[in-house]
Amino acid sequence: MFSSLRWKLTKAYTIWFLLTFTAILLILFFVFRSILFSIESKELQDLLENEKAAYTDGSVVQEQPYSYYTSFFIPESGKIKIFKKEERLTPAFLHYSKNARKNLEMADLQSADGKKLHVIYGKIPIIENGKKKGELFVVKDISHVHEQTERWFFILFLIGLITGSVSLLIGSKLAGRAIEPVKENYERQKKFVSDASHELRTPLSIFSASLQVMEEEEKERLSPFSAEVLKDLKDEMKHMNSLITNLLTLAKSDSDSISIEKAVFSFSEMTSSVIHQYQMKEKGLRKFRLEGPDDDPCMAETDKTRVKELLYIFLDNAVKYTAKDGEITLRYEPDHRSKHLVIHIIDNGIGISEEDMPFIYDRFFRAEKGRSKKLGGSGLGLSIASGLLHSLDGKIDVNSTPGNGTDFTISLPVLI
Ligand SMILES: Nc1ncnc2c1ncn2[C@@H]1O[C@H](COP(=O)(O)OP(=O)(O)O)[C@@H](O)[C@H]1O
Ligand SMILES: [Mg+2]
């Protein structure tokens, strides 16, 4: 329980860290890209102005500090004029120029020798006498800056991953330390419950035995009122006994010390005897049905006693929460391929309301306290069942419609 809490805390912490880190990295990447774009586009605009001046009034193109650029004029009709040629850049961009729709943009190109080029280009239409003659292009290779940026971000990403792993370790350590006091407290409480239950058992069995003796010896001499009191005492004693047994089971399941003694047995045989017991007990009252494959003994390897305990919890509940003329079905379906046994305990009783559903496995939870008290029980059955299921590696699911009935579905990986 605590290791899963610790793992959850660590996971939450690490996911939070990684998400924040990725968000920061992405924001940084886009900010950096837009800064790069604005610097590069300013330089490109200078170049374009220069080239345009040179083209229109024949002035000399000033010597540019930027080496990797190409400029050319693509006329509406006629031959392309190249002013400055770059070995890789020029043919690659001429090929791309049909797609160049924006006036200023970054683009990825592929040179003839297969190299990836990252460029920024700008274009200006040249208009003479009100007529468009063509477009003047300036393209600058910014691959080196781009590669550098990518490299830096890759390094940052790696640093993030390493930091993430380190924070996972540190987080796990911190989470472990943070839950230590809670764990100690919990262990102490658990020990208290277990010790108290053990201590209570002896006086209770003495009480119980004394009541038995009293009833046997004094039966004839007791007034009707005293006989009633004695009966109530015995009922309460029974209730207390089962409560203490349940508390002990829960204390054991909390410390994962429910012992599982595996043995091979036929599940079909076991359930028929269990259902037979209920049929005998409920004679003339609720109908019990057993549904399973006729010709399959459903050989299982697990702790028979624990599985029986589990069935008793669900069947007792089904009896408790179903009217006297109701019907209870135990259906089991073996899945030999996945070695799972799926068991349904279905009743047509009062059902569980949607509001109560999230709490039915909680300790001491009972829907409609008033009615439940009359029915007996202490709200520990289903929490014990989930502890048992945990020890048996099983799963549970429940479907219920108030007024119509409930279907508890258990899946156990026990078939051989
Ligand atoms: N088959 C069922 N039909 C209707 N309600 C049920 C059924 N099984 C369990 N519940 C509800 O879940 C609660 C918890 O069950 P459980 O832990 O076995 O406690 P208890 O049986 O002592 O009340 C019950 O009080 C009841 O409200
Ligand atoms: Mg119960």
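## A guided tour of the predicted model

Begin with the sheet: 5 strands form an open sheet, and from one side to the other their order is β2-β1-β5-β4-β3, with antiparallel pairing. The model shown here is a predicted one. To find the edges of the sheet, select residues 81–84, which are β2, and residues 104–110, which are β3; each of these strands pairs on one side only. Viewed along the sheet, the twist from one strand to the next averages 30 degrees.

Next, select residues 69–75, strand β1, together with residues 131–141, strand β5. These two strands run antiparallel and are joined by 7 bridges.

Now widen the view to the whole chain and colour it by domain. Domain 1 covers residues 2–150, and domain 2 covers residues 263–412. The centres of domain 1 and domain 2, taken over C-alpha atoms, are separated by 69 Å.

The next selection is residues 143–218, which make up helix α3; Glu184 lies in this helix. Is Glu184 buried or exposed? Glu184 has 10 other C-beta atoms within 10 Å; a residue counts as exposed if that number is 12 or fewer, and therefore Glu184 is exposed.

Note on methods
Residues are numbered from 1 along each chain as its sequence is written. Chains are lettered from A and ligands numbered from 1 in the order in which they are written. This is a predicted model: local features need pLDDT of at least 70, side-chain atom pairs count only at pLDDT 80 or more; totals for chains, interfaces and linings use all residues. Two strands pair if DSSP finds at least two bridges between them. Helices (H or I, at least four residues) and strands (E, at least two) are DSSP runs, numbered from the N terminus. Axes are lines fitted to C-alpha atoms, for helices over the stretch in contact, and angles run from 0 to 180 degrees between N-to-C directions. Domain bounds come from an automatic or database domain assignment. A residue is buried if 20 or more other C-beta atoms lie within 10 Å of its own, exposed if 12 or fewer, and partly exposed in between; C-beta atoms are placed from the backbone.
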